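Hi everyone, thanks for making time. I'd like to walk you through one model today, starting with its pocket and ending with a few backbone details.

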Amino acid sequence: MSQASQIAHAVAALRRGGVIAYPTEAVWGLGCDPDNDEALARLLRLKQRDPAKGVILVAGRIEQFAAWLEGLPLELHAPLAASWPGPNTWLVPDNGRSHGLVRGCHDRVALRVSAHPLVAQLCEAFGGPIVSTSANIASEPPAMSANEVRAIFADGLDAVVEGELGGLERPSTIRDLATGQVLRS
């Protein structure tokens, strides 16, 4: 199946409330529609992830986060624009747009605009951000290939988009937008 066909299949799965896997900058990720209750709950069950932790949203371009950035003071837009696209996840004050399972127990939402071409294509085809969390069972190492994803999750996924990792050695840096504090480097 061509990459365009795989992306179309994955987008159809996302729209049906499915969970997909795809390569990111450093590791394989799991994704779903960030507004679908059942898809979010299923993704967290697959990963055995504590819902209080929340998940990252990834987009193909900053404009796809317009609803999440609405009301953000203008001066706080500069660090986002300067670091995106790229391996930089920012914790942004939640303006009420984020689903509770995306935020977890936090008052902020984790956002990243990916520089990975496949992730950008996936978000463009979907028409907005998707969930991006490492493809692994909680506390286990993340999958580094499509074969590892399939071995971990067997038939639990609705689509796997084949592709190469983005060449980074570690997942994105996570920073708090309000304080600049680095929470993961």
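**The pocket and some backbone details**

By class, the lining of the largest pocket has 15 nonpolar, 12 polar and 10 charged residues. Here Ala, Val, Leu, Ile, Met, Phe, Trp, Tyr, Cys and Pro count as nonpolar, Asp, Glu, Lys and Arg as charged, and the others, Gly among them, as polar.

This is a predicted model, where local features need pLDDT of at least 70 and side-chain atom pairs 80 or more, while totals for chains, interfaces and linings use all residues. Residues are numbered from 1 along each chain as its sequence is written, and side-chain values use heavy atoms, leaving out hydrogens and water.

A pocket is an open set of points on a 1 Å grid over the protein atoms alone, where a 1.4 Å probe fits, with protein on both sides within 12 Å along at least five of seven lines; lining residues have an atom within 4 Å of a point. The largest pocket holds about 810 Å³, the space filled by probe spheres set on points joined across faces, edges and corners. Of its 37 lining residues, Arg49, Gly54, Ile56, Ile174 and Arg184 lie nearest the centre. The largest share of the lining, 4 residues, comes from β5; strands are DSSP runs of E, at least two residues, and helices of H or I, at least four, numbered from the N terminus.

Now the backbone. Trp84 and Pro85 are joined by a cis peptide bond, with omega about -5 degrees. Pro85 sits in the loop between α4 (77-83) and β4 (88-93).

Gln48 has a positive phi, near 60 degrees, and is exposed at 58% relative accessible area (exposed means over 50%, with a 1.4 Å probe and protein chains only).

How values were computed. Buried means under 20% relative accessible area, exposed over 50%, partly exposed in between (1.4 Å probe, protein chains only).
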